[in-house]
Amino acid sequence: MCQRESKLFFRRQNIELKTAKEIEKMRVAGKVVGEILEKLSEIIKPGITTKDIDVFSEKYIRSLKMLPAFFGVQGMKYPFPSSACVSVNDEVVHGIPNASRVLKSGDIVSVDMGVLYEGYYGDAAKTYAVGSIATSAAKLLRVTEQSLQKGIEQALPGNRLGDISCAVQETAENGGFSVVRDFVGHGIGRSLHEDPQIPNYGKADTGVKLLPGMVLAIEPMVNAGGYEVYMLDDDWTVVTRDGSLSAHFEHTVAITEDGYEILTKV
C-alpha cells in the first residue's frame, strides 16, 4: 500500500533499523505475500471479479493464522474496507474490490497487499495482464517491473535514497512513461508505513544514506501518459488524470551488510 507524499518530506526522518530477529518475522510475512501474488497469476483471467481476487487473498492469509495488513487502514474519511487493493486500467493504486467489477480480456489489473505476522509487516504489488493485452500495455508492465528491479539494485549499504529514486525514474522515463509523484514508497516494519518516504523520482547521491537494517517498500507507480493523478469520491481509488493506463510493482527489501534481500520474493 502506497503512502501519500507528505509536505514534511524534507523533515528529519525517524528511521528504525531492524534486528535479524525482526527481519526474520518480516521474511515470513513477505513470503506469504509473494506466494499469493504468484498464485494470482493462475487465477486472474477474464470473467473473475476484483472481489474474487480479494476473497482469495484474504482466505489464504487467514488460513495461515496471519492477518491482512490493509483491512481497516485509516483513510482520509474512512478505513480501507478490503484485504487487497485491486486497481484496474487507469486506476493507479488503492482500488476497492467490487463483486460487480468483472475483468475482461485486454484489461490490466494491479494487486497490492500486505500481511501482518507477529507484529511485523510485509507488503508487495504486481500488475497482471488479463487475457490478451495490447502491445503498448505489455510494454508498460515490462518497463514498470524493470524500474522496480533497477531501484532495488541501488538498495545497497552506503548508497543514498536518491539512488533508488533516480534509477526508478530513469528506467520508466527512458521507456517512454511517467512516474507518479503524489504517492511514494515507504519504510516498513512494526508499522505498515514508516520513514523514510521513497519517491519514484529524484537525483542520485542525495537523501538519506542507506544502512544495514533498513527495510524499504519500493514501489514504482508508472503511467502510460502524464504523471498527474486524482482521488475518486470513494476516498481511496487513485486514477490517472488523463485516463491513461497505470502499472504498479512493489517489493519489501531489507538492506544487508553486503547488499539487499527481497523479502517478498518466492
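Good morning. A word on the source first. This is a predicted model. The mean pLDDT of the protein is 96. Of its residues, 97% reach 70 or more. Where is confidence lowest, and where is it highest? The lowest is strand β1, residues 3-4, with a mean of 80. The highest is β14, at 99. As a reminder, where pLDDT is low, the predicted coordinates should not be read in detail.

Let's begin with the sheet that holds β14. This sheet is open and has three strands. Their order is β7-β11-β14, and the pairing is antiparallel. Which strands sit at the edges? They are β7, residues 178-179, and β14, residues 246-248. Each of these pairs on one side only. Helix α3, residues 135-153, packs on this sheet. Helix α3 touches β11 and β14. The direction of α3 makes about 35° with that of β14.

Now look at the join between β11 and β14. Strand β11 covers residues 221-223. Three bridges connect β11 to β14, and the two run antiparallel.

Next, a second open sheet. Again there are three strands, here in the order β4-β13-β12. The pairing is antiparallel. At the edges stand β4, residues 91-93, and β12, residues 229-231. Each has a single partner strand, so one side of each is left without a neighbour in the sheet. Neighbouring strands here are turned by 40° against each other on average, direction ignored. Strand β13 spans residues 238-240. Three bridges tie β12 to β13, and they run antiparallel.

On to strand β3, residues 84-88. Is this strand enclosed or open to the outside? Five of its five residues are buried, so β3 is largely enclosed by the rest of the structure. In a regular strand the side chains alternate between the two faces of the sheet. In β3, both faces are covered. On one side are A84, V86 and V88, all buried. On the other are C85 and S87, also buried. The partner to note is strand β5, residues 108-117. Five bridges join β3 to β5, and the strands run antiparallel. Within β5, M113 is the bridge partner of A84.

Now a single residue, H186. You will find H186 in strand β8, residues 183-187. Its relative accessible area is 0%, so H186 is buried, the cut-off being under 20%. What does its side chain reach? One answer is the backbone oxygen of M1, at 2.8 Å. Another is the side chain of D123, through a polar contact of 3.3 Å.

Last topic: charges. Side chains of opposite charge can pair when their charged atoms come close. How many salt bridges are there? The count comes to 12.

Take E261 and R27. Their side chains meet in a salt bridge of 2.8 Å, N to O. This pair links distant parts of the chain. E261 is in strand β16, residues 260-262, and R27 is in helix α1, residues 20-43. They are 234 residues apart. E261 is partly exposed, at 25% relative accessibility. R27 is partly exposed too, at 28%. There is also a network of salt bridges, linking E24, R27 and E261.

Stay in helix α1 for another pair. E35 and K31 form a salt bridge through their side chains, at 2.4 Å, N to O. Both lie in α1, four residues apart, about one turn of the helix. Their surroundings are worth a look. E35 is buried, with a relative accessible area of 19%. K31 is partly exposed, at 46%.

One more salt bridge. The side chains of D107 and K104 meet at 3.2 Å, N to O. D107 is buried, with a relative accessible area of 4%.

Strand β3 is largely enclosed. H186 is buried in the model. And E261 with R27 links distant parts of the chain. Thank you.

Key:
Residues numbered from 1 in each chain as written. Heavy atoms only, no water. Pairing = 2+ DSSP bridges. Contact = heavy atoms within 4.5 Å. Axes fitted to C-alpha atoms, helices over the stretch in contact; angles between N-to-C directions. Buried < 20%, exposed > 50% of the residue type's maximum accessible area, 1.4 Å probe, protein only. Polar contact = N/O pair within 3.5 Å; in protein donor to acceptor, adjacent residues only side chain to side chain. Salt bridge = Lys/Arg side-chain N within 4 Å of Asp/Glu carboxyl O. pLDDT = per-residue confidence, 0-100.
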